[in-house]
Amino acid sequence: MEIKITNEKHDKFLERKIINFSVRLDKNEKIDKNLIKSKLMEGYKEGFPILYSLKSTYGTRDINGILHIYSNEEIAKSILPKYVLVKNGVITDAKGKESK
């Protein structure tokens with residue numbers, strides 16, 4: 001798996017970094033969201049990462065994605081839609097219950 005950061009922005013108003021990246025998978029390799037998130041966070045010392053989107057290109061092994069790194073978890077919970085928080089395991093369901 002080869003990960004390349006294509007663009008990085010700093011949003012001071014929402015206290016987050018927005019990282020656009022592309023992933024090139026090896027033959028017969030499956031997507032591991034946690035591995036992608038951990039490899040991208042190696043370059044950043046602190047923050048609360050949220051994998052916002054992953055989109056694959058039909059017929060290729062290329063995936064484009066967006067990672068948001070918030071300064072803390074509370075800001076992410078107040079800004080992001082519930083389905084994104086559920087998808088990232090921050091809360092367990094759309095009603096807003098905490099995950100264990």
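Helices in these legends are DSSP runs of H or I with at least four residues, strands are runs of E with at least two, and both are numbered from the N terminus. With helix and strand understood in this way, helix H1 (33-41) and strand S3 (48-56) each supply at least two residues of the lining of the largest pocket. The views below come from a predicted model.

**View 1. The fold of the predicted model contains three helices and four strands.** Read from the N terminus on, the elements follow the order β-β-α-β-β-α-α. Taken along the principal axes, the C-alpha atoms fill a box of roughly 40 × 30 × 20 Å. The radius of gyration of the protein is 14 Å, which agrees with the value near 13 Å that a compact globule of 100 residues would have. Of the 100 residues, 33% count as buried. Where contacts join residues at least 6 apart in sequence, 46% of these contacts join residues at least 24 apart.

**View 2. Strands S1 and S2 form a hairpin with four residues between them.** Strand S1 covers residues 2-11 and strand S2 covers residues 16-24; the two run antiparallel and are joined by nine bridges. Within this pairing, Asn 7 stands opposite Asn 20 in S2. In the turn, Glu 15 has a positive phi of about 55°.

**View 3. Strands S3 and S4 form a hairpin with five residues between them.** S3 and strand S4, which comprises residues 62-70, run antiparallel and are joined by eight bridges. Leu 54 stands opposite Gly 65 in S4, and Leu 54 also belongs to the lining of the largest pocket. The turn of this hairpin includes Gly 59, whose phi is positive at about 85°.

**View 4. The largest pocket holds about 160 Å³ of space.** Its lining is made up of Ile 31, Lys 33, Asn 34, Lys 37, Leu 51, Tyr 52, Ser 53, Leu 54, Lys 87 and Asn 88. S3 gives the most to this lining, with four residues, and helix H1 (33-41) supplies at least two. By residue class, the lining divides into four nonpolar, three polar and three charged residues.

**View 5. Tyr 52, one of the residues that line the largest pocket, has its place in strand S3.** When neighbours within four places in sequence are left aside, Tyr 52 is in contact with Ile 66, Leu 67, His 68, Leu 80, Tyr 83, Val 84 and Lys 87. Lys 87, one of these contacts, is also named in the lining of the largest pocket. Tyr 52 and Asp 32, which are 20 residues apart in sequence, lie 14 Å apart in space from C-alpha to C-alpha.

**View 6. Glu 74 is found in helix H2, which covers residues 73-79.** Glu 74 is exposed because its relative accessible area is 55%, and exposed means over 50%. Glu 74 and Phe 48 are 26 residues apart along the chain, and their C-alpha atoms are separated by 9.5 Å.

Note on methods. Residues numbered from 1 in each chain as written. Predicted model: local features only at pLDDT ≥ 70, side-chain atom pairs only at ≥ 80, totals over all residues. Heavy atoms only, no water. Pairing = 2+ DSSP bridges. 1 Å grid on protein atoms, 1.4 Å probe; cavity = no way out; pocket = protein on both sides within 12 Å on 5 of 7 lines; lining within 4 Å. Points joined across faces, edges and corners; volume = space filled by probe spheres on them. Nonpolar A, V, L, I, M, F, W, Y, C, P; charged D, E, K, R; others polar. Rg over C-alpha atoms; globule rule 2.2 N^0.38 Å. Buried < 20%, exposed > 50% of the residue type's maximum accessible area, 1.4 Å probe, protein only. Contact = heavy atoms within 4.5 Å.
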